[in-house]
Amino acid sequence: MSEKIERHPSVAVSAVEGKVIDSDVENEKLYYMGYDQHMKRGFTFWSMTAFCLTGLGLLPSLGGTIWFSLGYLGLLPMTWGWLVASFFIMFQVLSLAEMSSSMPTAGGLYYWTFKNAPPKAKKVASWVTAWCQVMAASLGGASFFMTQADMIQALVVMFNPDFDPTAWQTYLIYLACVIVCAIVMVLPSKILGHISNVFVWLGTITFFILLIALPIYSKQSGNYNSAKDMFTSSYNQTEWSNSGLVFLLTFLTPCWCISGYDSTAHLSEETHNASTVVPRAMVISCVAVAVLGYIFNVVLAFAASDIDAILGSPLGQPLGAILVLAMGNGALAKFLWICTVLSNFGVVFVNNTAGTRVYFAYARDGALPFAKWLSHVNTVTKTPLNATMALSTVFALIGLISLGSTDALHAFFSGSSLAGATAYLMPILMRCLYEENPQYIPGPFSLGKWSKPIRWVAVAWGVFTLPLFSFPSTPNPDVSSFNWSVGFYLGLLCLILPWYFISARKWFSGPGEREHAS
């Protein structure tokens, strides 16, 4: 077993002595949720907000997902699509933030599902949520690294237009990113908070330079769109004849950009005053990304004057192509792209740090193989070193698929989308289905009388997005254009559900039930 951090006297004892320490309250609450405090609390409100903002990473995230707006229907979804989708995403954010205040633990979605579900559904619902999130953390995390490798290659092409990377070169860049990130992820939580601050400032400064410079350079070069075109023109580049359907598919861009905010919850046990800090950081970060993302979309729509040239650019990155179209392939465009690439590493490190906490939390409850080893907390850094090593190894192995077939690799990546969307939906749905749950105690961040309607809208939005993640980009897809999300998701369920009913239901007791029992 890992070495436990020495516990302070209980809240009651501290009150008698005339001093109640914040960590007493948090550690006591964690204890009653079923866990002992193993990790050191190093995150504060500002460092946690920086951590969440870094993970959301508006600049590189939008740059990496703009394919699904500009590349599907042109300018219209960049202005109106983002606005509509981000409004409904906020219902989901508020619902999960409320739960993070009530139950601040590293298990996050999986723990909340168990505690919110009706008694007979608790174990199976949390089991499905756990494995959905493990798959999303593993495959989604690997996709972050591949995006990072692609962005680095685009940077090389900016300096050397003749560069044509081989599959091995791409994988080696990918692997180098995995190794560097693994070294960062094992650092103490206080240092991780400082690193987040650096990345959030880098991303913020670069973002505002782009907001100012891009319209100016676009105007000077004559490469810009009119306001009418930005808000009314559409350019259907898919083979779907129904533009309304294509408009709905462009919601994928904000769905992916405003996701991963549950990373704050997975670091609850490393955060001071987590019941208040975690939900506030989650909501403030997501609102900031939604508002600034809309402004950024409008600026990009103004500068995206030649959509075919942008999407056909040898850079392979639409944001980089927009920079070059507006500014030319000069020093400023290269500098801003370098900053964007560095900002994306912050996105990678934050989301995958949260992934290591997912592995740790589920292993602590016996939901993963090699549970004792994976749930060990390093006595020096007070972080889950073994879980970090395991997840990083998984990333390295997943990346090897690219050497055989990039189509197969992207099929795996697309397969993680439904799993992640299900993990977000499950705790909210369970809370709605079991409103009179006596185990649910609201935390300091509570939606009050608005909680129920907000949660039901969040459920409706979550159900609505599931088929969006499953749609192929064309009506008659081949192997490369087929959306493998449904196949992967059904395959996952065909594995984990029989496993549960045949074996796991006999020994899996649920989150918070194992540590104290042992």
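This is a predicted model: local features need pLDDT of at least 70, side-chain atom pairs count only at pLDDT 80 or more; totals for chains, interfaces and linings use all residues.

Trainee: Why is the pair of W168 and Y171 edge-to-face?

Mentor: Look at the angle between the planes: over 60 degrees counts as edge-to-face. The planes of W168 and Y171 stand at 85°, with ring centres 6.3 Å apart, so this pair is edge-to-face. Both residues sit in helix 9 (residues 167-185), three residues apart, which is about one turn of the helix.

Trainee: Is each of them buried or exposed?

Mentor: Buried means under 20% relative accessible area, and exposed means over 50%. W168, at 54%, counts as exposed, whereas Y171 is buried at 6%.

Trainee: What kind of aromatic pair do F199 and F349 form?

Mentor: A tilted one, with 40° between the planes and 6.0 Å from centre to centre. This pair links distant parts of the chain: F199 belongs to helix 10 (residues 189-221) and F349 to helix 18 (residues 331-364), 150 residues apart. F199 and F349 are both buried.

Trainee: And how many helices and strands are in the chain?

Mentor: The chain has 24 helices and zero strands. As for its overall form, a compact globule of 518 residues would have a radius of gyration near 24 Å, and the 23 Å of this chain agrees with that. Of the 518 residues, 58% count as buried.

Key:
Residues are numbered from 1 along each chain as its sequence is written. Side-chain values use heavy atoms; hydrogens and water are left out. Helices (H or I, at least four residues) and strands (E, at least two) are DSSP runs, numbered from the N terminus. The radius of gyration is taken over C-alpha atoms; the globule rule is 2.2 Å times the number of residues to the power 0.38. Buried means under 20% relative accessible area, exposed over 50%, partly exposed in between (1.4 Å probe, protein chains only). Rings of Phe, Tyr and Trp (its six-membered ring) pair if their centres lie within 6.5 Å; planes under 30 degrees apart count as stacked, over 60 as edge-to-face and the rest as tilted.
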